[in-house]
Every structure is written in structure tokens, then in C-alpha cells.
Amino acid sequence: MKNLIFLLITSLFLFSCQEHKDQQENTDLKESIFLLDSKWQTQDAKEIQLKDLKGKNIVMVMIFTSCQTACPILVADMQKIASKIDPKKLKETTMVLVSIDPENDTPEVLKAYAKQRHLEGEPWLLLRSDQESIRELANVLAVKYKKISPIVFSHSNIITVFNKKGEMINQTEGTVNSDEVAKTVNGLN
């Protein structure tokens, strides 16, 4: 009888610990981009959700491939940041470029852009989605954009760093100090 009571109490204790752990994980993720349930297409036409990036640090920027002004500078900044991240840390990091022009930035266009800009393979990921999902992510990132013509957008120039839980750690707007952004990523667990 004592063994049965002991097993019952132990089971209740373990169950309450697991429940507490589940509640803690949900609390931990309340500020996470992984809570966005939108669907995205990669440059390889693979469908993913942002939560699929969980477990890696993320450096993210919003661009469009036909941009001839700010976007090439933002991409160069992302490349500088990647080059300054410790190689071990870079293996734990995904460098994400999100298109704000899904009509023109098809997976094929994103793939060609990645090749042209030397953004192929790890750690690079180019994404597109529907307008609603893009706008939702832009709001989370505080990125403002507006379509000026069929192929031109006015947009914020913001690079954002997320930790492995999808929590925003740092944002840089305008002129990017790649050393500081890389230092932030290098300091993440």
C-alpha cells in the first residue's frame, strides 16, 4: 500500500513538473516570432513556418530583389555581418532575407538572386509569402514599406537579431555597424 501511495504521489509530482515546464515554455515564447503561424516559401520552393527556424539564432532583413538602392546595401551589410560571426556561431545562425514583393519575387527569382549575390547554402535563407503574412512580420519588425510602382517600394532599412527562441535581441536601422551586430550574435547562447 505504501508503494502504491508513493507511486501515486511521485506521478502527481512529475505530472505537475511537466505541466509547469509546458507553461514556462509557453510563457517564454510569448514574445517569439515563432508564434506567427504564417506559411513561407524558400528560394527552393519549400514551404516552411518561422517556427521551423527554432533552435538557431536569426539575423533578418526585409528586401525586394529588383531594388537598386537600399537593398543592395542591406544585403552587403548582411554579408559583412555573416563574415564577422564566429564560424561556430555561424553554424547556429540563419541569415534570413524576406521579400516584401511576393508578386515578382518568386522562388525562382529568389534562387537566382541568391546565386547572383553569393547567398547560396548555409546560413542563407530567402523567404516569400502572401501580402498578409509579410505585413504581419513587417509589423513585428517595425519595418514600414509602401509600394510606389509595380516594381518599386519605399521601405525601412532594419536588420533584426533573434535568439534561438525567436525573441528579438537587437535591431539596427540605417547605417549598420556590422561589428556590433556580429558581436550581438556571437554573444548569444
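**Exercise 1.** In which loop does Pro123 lie?

*Solution.* Keep in mind that this is a predicted model. Step one: find Pro123, which sits in the loop between helix 4 and strand 5. Step two: check the peptide bond that joins Glu122 to Pro123, and you'll see that it is cis, with omega at about 5°.

**Exercise 2.** Work out which residues lie nearest the centre of the largest pocket, and which elements line it.

*Solution.* Start with the space: the largest pocket holds about 400 Å³. Next, look at the lining, which is made of 17 residues, with Thr42, Gln43, Glu122, Trp124 and Leu125 nearest the centre. Helix 4 and strand 5 are the elements that give two or more residues to this lining. Last, sort the lining by type: six residues are nonpolar, four are polar and seven are charged. Notice that Glu122 turns up here among the residues nearest the centre, and it is also one partner in the cis bond of Exercise 1.

**Exercise 3.** Describe the largest nonpolar core and pick out what Met60 touches.

*Solution.* Begin with the count: the core has 50 residues, and Leu50, Met60 and Leu97 have the most contacts inside it. Next, ask who supplies it: the elements giving at least two residues each include strand 3 (57-63), helix 2 (70-84), strand 4 (93-99) and helix 6 (178-186). Now zoom in on Met60. Leaving out residues up to four places away in sequence, its contacts include Ile33, Met78, Val96, Leu137, Ile159 and Phe162.

**Exercise 4.** Where do Ala45 and Ala142 lie, and what are their phi values?

*Solution.* Take Ala45 first: its phi is positive, about 65°, although it isn't a glycine. Ala45 belongs to the loop between strand 1 (39-42) and strand 2 (47-49), and is partly exposed at 44% relative accessible area. Then move to Ala142, another non-glycine with a positive phi, about 60°. Ala142 lies in the loop between helix 5 and strand 6 (145-149), and is partly exposed at 41%.

Methods: Residues numbered from 1 in each chain as written. Predicted model: local features only at pLDDT ≥ 70, side-chain atom pairs only at ≥ 80, totals over all residues. Heavy atoms only, no water. Core = buried A, V, L, I, M, F, W, Y, C linked by side-chain atoms within 4.5 Å. Buried < 20%, exposed > 50% of the residue type's maximum accessible area, 1.4 Å probe, protein only. Helix = DSSP H or I, 4+ residues; strand = E, 2+ residues; numbered from the N terminus. Contact = heavy atoms within 4.5 Å. 1 Å grid on protein atoms, 1.4 Å probe; cavity = no way out; pocket = protein on both sides within 12 Å on 5 of 7 lines; lining within 4 Å. Points joined across faces, edges and corners; volume = space filled by probe spheres on them. Nonpolar A, V, L, I, M, F, W, Y, C, P; charged D, E, K, R; others polar.
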